[in-house]
Amino acid sequence: HFRLVKKLMKHTCPKCDGTTFQVVKTYPYTRFTLRQLKCRSCGENFYTHEYIMKQGEYCWQMIDGKSRLRLTEQ
């Protein structure tokens, strides 16, 4: 069985908790993509590790009348 992770799948800046970013550079690899982001609020640079998720790693849930993608964990 899967338990829902409490956070929505949304990035926040590790320095200021900002939620708007500029993509600085994208590094495509065979099985994943690294993406360098820059926070529009404070200018902090950080990276995301993105990959294609398997069924069971996510689910859709209605939250406040909107369908939201949620991560699951085993």
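1. Residues 24 or more positions apart account for 33% of the contacts in the protein with a separation of 6 or more, a contact being heavy atoms within 4.5 Å. The model is predicted: local features need pLDDT of at least 70, side-chain atom pairs count only at pLDDT 80 or more, and totals for chains, interfaces and linings use all residues. Residues are numbered from 1 along each chain as its sequence is written, and side-chain values use heavy atoms, with hydrogens and water left out.

2. Secondary structure. The protein has six strands and zero helices, and its pattern along the sequence reads β-β-β-β-β-β. Both element types are DSSP runs numbered from the N terminus: helices are H or I with at least four residues, strands are E with at least two.

3. Surface. The accessible surface of the protein is about 6300 Å², and carbon and sulfur atoms hold 51% of that surface. Areas come from the Shrake-Rupley method with a 1.4 Å probe; for residues, only the protein chains shown count as cover. Of the 74 residues, 15% count as buried. Buried means under 20% relative accessible area, exposed means over 50%, and partly exposed lies in between (1.4 Å probe, protein chains only).

4. Three strands form an open sheet in the order 2-3-4, with antiparallel pairing. Strand 2 (21-28) and strand 4 (45-50) are the edge strands, each pairing on one side only. From one strand to the next the twist averages 25°, with axes taken as lines fitted to C-alpha atoms (for helices over the stretch in contact) and angles running from 0 to 180 degrees between N-to-C directions. Strand 2 and strand 3 (residues 33-39) run antiparallel and are joined by seven bridges; two strands pair if DSSP finds at least two bridges between them. Val 23 has Leu 37 in strand 3 as its bridge partner.

5. Nonpolar core. The largest nonpolar core has five residues, namely Cys 13, Phe 21, Leu 37, Cys 39 and Phe 46. Such a core is a set of buried Ala, Val, Leu, Ile, Met, Phe, Trp, Tyr and Cys residues joined through side-chain atoms within 4.5 Å. Aromatic pairs. How many aromatic pairs are there? The count comes to two. Rings of Phe, Tyr and Trp (its six-membered ring) pair if their centres lie within 6.5 Å; planes under 30 degrees apart count as stacked, over 60 as edge-to-face and the rest as tilted. The rings of Phe 21 and Phe 46 are edge-to-face, because their planes stand at 80° with the centres 5.1 Å apart. Phe 21 lies in strand 2 and Phe 46 in strand 4, so this pair ties together parts that are 25 residues apart in sequence. Phe 21 and Phe 46 are buried.

6. The other pair. The rings of Tyr 29 and Phe 32 have their planes at 25° and their centres 5.0 Å apart, so the pair is stacked. Tyr 29 counts as partly exposed at 46% relative accessibility, and Phe 32 counts as partly exposed at 28%.

7. Tyr 27 and Gln 36. Tyr 27 is in strand 2 and counts as partly exposed, with 29% relative accessibility. Leaving aside neighbours within four places in sequence, Tyr 27 is in contact with Phe 32, Thr 33, Leu 34, Gln 36 and Tyr 47. Tyr 27 and His 49 are 22 residues apart in sequence, and their C-alpha atoms are 9.7 Å apart in space. Gln 36 sits in strand 3 and is buried, at a relative accessible area of 13%. Not counting residues up to four places away in sequence, Gln 36 touches Gln 22, Val 23, Val 24, Lys 25, Tyr 27, Asn 45, Phe 46 and Tyr 47.

8. The hairpin. Strand 5 (residues 58-63) and strand 6 (residues 66-73) pair in the antiparallel sense over six bridges. Met 62 has Ser 67 in strand 6 as its bridge partner. The two strands form a hairpin with two residues between them, and Asp 64 is in the turn.

9. Positive phi values. Asp 64, in the loop between strand 5 and strand 6, has a positive phi near 55°. Asp 64 is exposed, with a relative accessible area of 78%. Asp 17 also has a positive phi, near 65°, and is a residue other than glycine. Asp 17 is found in the loop between strand 1 (3-8) and strand 2, and is exposed at a relative accessible area of 57%.
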